[in-house]
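My entries follow in the order I looked things up.

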Amino acid sequence: MLLARKEGNLEDLKIINADNLLYTSLGETEFIIKEILPIGLHIFCGAPKVGKSWLMLDLCIKVSKGVFLK
């Protein structure tokens, strides 16, 4: 199983199976927005025209300014 290719250098590629992943001890989760948005990749989806883009824009502006979210 090939997950990623780094300019033909496969020595840096580490592949793990589900058993190893299941029993791997992970560190504490770091949050960008406390208890709401952890660091990482997320899919933010919903029905059309409900304000997803405006919500993400508002969150990005507040996080960049360091504004406390209620």
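I looked at Lys49 to begin with. Lys49 counts as exposed, at 84% relative accessibility. My classes are buried for under 20% relative accessible area, exposed for over 50%, and partly exposed in between, with a 1.4 Å probe and protein chains only. Lys49 sits in the loop between E2 and H2. Its phi is positive, about 60°, although Lys49 is not a glycine.

I noted the ground rules. This is a predicted model, in which local features need pLDDT of at least 70, side-chain atom pairs count only at pLDDT 80 or more, and totals for chains, interfaces and linings use all residues. Residues are numbered from 1 along each chain as its sequence is written, and side-chain values use heavy atoms, with hydrogens and water left out.

I then turned to Glu35. Glu35 also has a positive phi of about 60° and is not a glycine. I found Glu35 in the loop between strand E1 (31-33) and strand E2 (37-38). Helices (H or I, at least four residues) and strands (E, at least two) are DSSP runs, numbered from the N terminus. Glu35 is exposed, with 62% relative accessible area.

Helix H2 came next. H2 covers residues 52-65, and its 14 residues should span 20 Å at 1.5 Å a residue; the end C-alpha atoms are 20 Å apart, which agrees. The expected span is 1.5 Å times one less than the number of residues. After H2 comes Gly66, with a positive phi near 75°.

I searched for salt bridges, meaning a side-chain nitrogen of Lys or Arg within 4 Å of a carboxyl oxygen of Asp or Glu. The count came to one. Lys62 and Asp58 form a salt bridge at 3.3 Å, N to O. Both lie in H2, four residues apart, about one turn of the helix. Lys62 is partly exposed at 28%, and Asp58 is partly exposed at 33%.

Where is the nonpolar patch on the surface? I found it at Ile32, Ile39 and Val63, with about 250 Å² of accessible area together. Patches take residues with over 30% relative accessible area and no salt bridge, joining like charges within 9 Å and nonpolar side chains (Val, Leu, Ile, Met, Phe, Trp, Tyr) within 5 Å. Areas come from the Shrake-Rupley method with a 1.4 Å probe; for residues, only the protein chains shown count as cover. Val63 lies in H2 and is partly exposed at 36%.

Last, I checked the cysteines. A disulfide needs two cysteine sulfur atoms within 2.5 Å. I found zero in the whole structure. Cys45 is exposed at 64%, and Cys60 is exposed at 52%.
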